Amino acid sequence: MPKSLLLFFFLLCIAGRTKADQHDERLFDINEGLSNNSVRCIFQDHYGYMWFGTYDGLNRYDGSIVKVFRNRLKDDYSLPHNYIYCIAEDAQNNIWVGTGQGVAIYNALSGKFAPAYYSSKRGDKPYQLTVAVNTIVRDSKGNLFIGTNGAGMFYKGKKDKYPYQILNSEKKQPLTNANITSIVEGNQNHVWITVSGIGLYHFDAQQKKLVMVNTETKLTNCMLAKENYLWVGTREGLYQFSIIYGNKIPKVSSGKKLSNGNVLSLLLNPEYKLWIGTEGRGLSTLDLKTLQFSQNKLTQYGANYTSGETIPYMYSDKDNRKWIARLNGGVVIIDSTKKHFQTFSNNPLIQNSLAHDYVSCLTEKASGDIWVGTDGGGISLYSVKTNRFSHFRHDPGKSNSLSNNLVTSILTDRAGNTWISTFGGGINRYHEQTQSFKRYHCINDKGPESNYIWLIYQDHQDIIWATAVVDGGIYKLNTQNDQFELFDASLSDLNAIKEDSFHQLWAGTSYDLVKIDTRAKKHIYYPVGKPVRAIFEDRNKNLWLGTEGGGLILFDRVKGKIKAQFSDAEGLCNNSVLNILQDDQGYLWLSTYNGLSRFEPASKAFSNYYSENGLSSNQFSYNAALRLRSGEMAFGSVKGFTLFNPKNFSSDKANLPPPYLSSVYVNNRFISATDELVDQTNQERISELTVPYNDAVLSLTFSSIDFSDKGKIKFAYHLEGGNNGWMETTASSPVTFLRLTDGKYILHIKRNNYIGGWGAEHRLLIINVLPPWYRSWLAYLCYALLGSALIYAYNAYRVRQANLNYEIKAAQANAQKEKELSEKKFAFFTNVSHEFRTPLTLIINPLKDYIQHHPASGSKGGLDLVYQNAKRLLKLVDQLLLFRKVGGESEDLKIANFLFPKSAKKSISVSLARPH
């Protein structure tokens with residue numbers, strides 16, 4: 001079959017799919033961080049990480065961040081080789097990586113690889129094997145099976161320390177020089193092994209030996225077991241084997257060849273369909289119930305699958321997400337886990353698609369089908385039940401066709417009639433039975449006919465209104481004349497029209513909100529300052545205005561002024577609000593020029609959605625908003641329209657993958673889980689660390705294992721003990737804490753979900769910042785000891801001073817007593833001395849006189865001797881009295897100069913002591 005015809009058949013298959021069959025597809029390659037586009041194997045570990053073995057290294061992927069592992073020269077803790085053949089996980093959650101030069105075992109706690117060791121027999125001395133390892137499989141009991149290219153098969157029981165070589169039961173020797181191509185566990189825990197060039201083996205779990213069961217398929221590539229069947233992919237095609245269970249060892253019947261070509265990979269879907277990846281023939285599907293082949297129903301990358309693509313490996317993760325490896329083309333992710341937004345657009349290669357990408361208006365028929373008006377492609381009628389489109393366009397050769405393909409508004413009135421306004425073709429009414437259109441003219445007695453109609457609206461009295469642009473004015477339908485007549489020419493260029501619950505008609509212009517007087521035409525204008533594009537009354541009778549450039553406005557109809565206004569500063573995705581709808585939960589849905597916003601009036605919070613979340617486009621259209629009777633909503637954009645159910649947007653916190661720390665840096669140094677600063681880990685992830693005060697500069701990055709929300713995950717973090725509020729970040733933006741003071745900090749984090757809400761809060765990390773040396777416990781102990789020593793010394797000083805003061809006072813008291821005693825003694829002695837002096841004076845003076853008058857008798861009679869002794873005694877008494885005066889404390893010794901008369905030859909200094 002020619003490739004172009006095959007592709008056309010494939011696209012027709014896509015066009016006929018139902019909503020349940022839709023899924024997301026995206027490409028994961030080197031532009032997303034993959035180390036090499038040639039992917040040899042894919043695996044998901046117990047955490048949920050996806051691992052990819054390529055021709056140039058091992059990759060770990062969490063949906064946002066790719067971590068690449070390669071061989072590093074002279075590093076024994078890196079991969080032995082960059083060509084990765086297989087990946088598996090043992091019972092202890094270590095990752096076993098089969099490379100072109102042996103197996104490396106990755107320890108997530110240390111982030112390092114260790115070489116695997118083997119033994120020829122169980123219990124023998126282990127040795128390192130450097131041959132290529134094709135496949136590693138862990139069975140349901142936790143046992144590991146390792147298939148090599150050249151060294152046979154090795155087995156490691158759950159309790160074994162090293163893998164050991166398995167013997168062949170027939171030859172009782174290992175399958176040396178054999179190429180083990182695939183190992184698979186089938187029904188009843190039986191393990192099957194294919195050996196290239198030899199055939200199919202079964203593993204005897206009791207004897208720990210290989211048993212040959214079939215030699216029909218020798219050039220095998222892959223194998224898959226399901227119930228009592230084995231599907232074996234070979235270079236010659238796909239074979240089916242039926243398993244026959246005997247008393248001891250299961251056997252297989254003769255193989256049934258189902259296809260030709262080189263089958264490289266097999267994947268079983270829950271729908272009991274087998275995906276078959278081939279070399280050069282793309283991907284096909286085998287229905288296991290009917291054994292019929294068909295092309296796979298893929299979308300964006302379908303052409304590559306059906307036109308010479310090679311599919312070396314396929315994998316289905318825990319959420320039934322498909323990972324399809326393409327030779328030199330990266331990995332295609334087929335995600336059907338959640339599809340909140342369903343989009344419809346124009347595809348020129350498919351007849352059953354939207355007529356035109358620019359959707360200008362939407363409305364619902366009584367049957368539930370949706371009228372879709374486009375700007376240039378006429379009208380499409382979408383059948384929700386059959387998922388098919390019918391198209392109505394302007395045909396110049398038919399008078400009953402649509403008058404113009406530029407459709408601006410569609411109305412299904414209460415009678416079931418469909419009215420279509422066009423830009424340049426006036427108004428049309430659709431006839432269901434004849435599938436034809438009747439043209440209506442807007443009559444204007446004061447001017448030309450208005451053919452540029454912007455809106456059609458029906459009020460509570462079933463009056464149908466039409467607003468015109470270019471020529472201006474507002475018209476209403478005269479049912480008797482069956483024509484539109486001018487109501488008021490002054491109401492020109494109306495952008496929006498709405499009747500509230502009080503039956504008041506409102507309209508929006510380029511600057512004002514207009515309160516229309518349908519009787520006296522005395523309209524009231526309320527200045528807004530921006531074009532009013534949407535007018536909406538919610539269930540609480542609040543009137544909301546969507547403006548182009550002015551955001552969302554809450555208008556007070558009683559006071560006639562703006563009550564509140566919301567813009568991008570409050571979280572709105574864009575300040576041009578084009579349409580407003582309300583769901584059953586009370587949320588307002590706002591379409592803008594840059595995304596879709598969900599607004600909660602009570603909390604005044606916005607949740608924003610963009611094309612990366614699944615919208616058809618970020619730029620929506622005027623007038624293109626519809627709430628269906630089912631509660632679903634549709635918004636038209638410049639690239640088709642988006643249909644969704646708001647009930648599916650409840651915040652599901654329980655099912656959100658939790659956030660985790662993807663990297664920790666302390667003072668620009670990477671911290672692994674085995675670092676000395678780490679105090680505690682949660683399995684292999686850091687949960688507590690202690691940081692020195694001088695190094696308290698932390699840089700953290702967050703991530704979450706989520707493959708459906710790629711590029712849309714945001715994180716909010718709060719550092720308890722540090723910043724006061726929640727701060728937002730992304731996986732690619734590191735969070736830095738500068739110079740944390742000493743103390744304990746707790747990092748809380750939460751992530752948003754696909755539908756905009758925030759998930760549960762997690763306590764992610766405890767940070768203990770040590771104090772500086774002068775605030776450490778040892779320093780405080782020294783401070784305490786020093787303080788105690790100072791207090792002790794002070795107290796000792798006080799005691800010594802007190803004792804000294806006491807001693808001084810005691811000595812002073814004793815001295816005072818001694819002084820008083822001495823004074824008494826001196827007084828007594830002085831008194832006695834005076835008593836001696838007086839008689840002596842009385843004795844000396846008469847003797848002196850007598851001797852002077854009787855010199856001869858004095859000397860002879862011995863009176864002179866008496867006189868001299870008496871003078872000596874008097875002198876002694878005077879000396880005693882002088883000693884008393886000198887020793888007295890109350891007396892001062894004063895020195896004075898006395899001058900003798902001029903006739904004296906010299907002056908003599910005399911010291912006199914006189915009492916006070």
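Biologist: Is K561 buried, partly exposed or exposed?
Modeller: K561 counts as partly exposed, because its relative accessibility is 48%. (Buried is under 20% relative accessible area, exposed over 50%, partly exposed in between; 1.4 Å probe, protein chains only.) This is a predicted model: local features need pLDDT of at least 70, side-chain atom pairs count only at pLDDT 80 or more, and totals for chains, interfaces and linings use all residues. Residues are numbered from 1 along each chain as its sequence is written, and side-chain values use heavy atoms, without hydrogens or water.

Biologist: Where does K561 sit?
Modeller: In strand β55, residues 561-566. (Strands are DSSP runs of E, at least two residues; helices are H or I, at least four; numbering starts at the N terminus.)

Biologist: Switching topic. How many salt bridges does the structure hold?
Modeller: 18. (A Lys or Arg side-chain nitrogen within 4 Å of an Asp or Glu carboxyl oxygen.) One of them pairs D335 with R321 at 3.3 Å, N to O. D335 lies in strand β33 and R321 in the loop between β31 and β32, so the pair ties together parts that are 14 residues apart in sequence.

Biologist: And are D335 and R321 buried or exposed?
Modeller: D335 is buried, and R321 is buried too.

Biologist: What does D706 pair with?
Modeller: Its side chain meets R751 in a salt bridge of 3.0 Å, N to O. D706 is in the loop between β67 and β68, R751 in strand β71, so this bridge links parts 45 residues apart in sequence. Both residues are buried.

Biologist: What about R775, which partner does it meet in a salt bridge?
Modeller: D742, at 2.6 Å, N to O. R775 lies in the loop between β72 and α3, and D742 in the loop between β70 and β71, so they tie together parts 33 residues apart in sequence. R775 counts as partly exposed at 27% relative accessibility. D742 counts as partly exposed at 28%.

Biologist: Where's the nonpolar patch?
Modeller: On the surface, formed by W773, Y774, Y780 and Y783. Together they have about 510 Å² of accessible area (Shrake-Rupley method, 1.4 Å probe). Y780 belongs to helix α3 and is partly exposed at 45% relative accessibility.

Biologist: Which α3 residues are buried?
Modeller: A779, T830, S833, L840, I844, L847 and I851. D878 is in helix α5, residues 863-887, and is partly exposed at 30%.

Biologist: Last one. What is phi at K74 and at E227?
Modeller: K74 has a positive phi near 60° and is not a glycine. K74 is in the loop between β5 and β6 and is exposed, with 90% relative accessible area. E227, also no glycine, has a positive phi of about 55°. E227 lies in the loop between β22 and β23 and is partly exposed at 44%.

Definitions and conventions. Patch = residues over 30% accessible without salt bridge, like charges linked within 9 Å, V, L, I, M, F, W, Y side chains within 5 Å.
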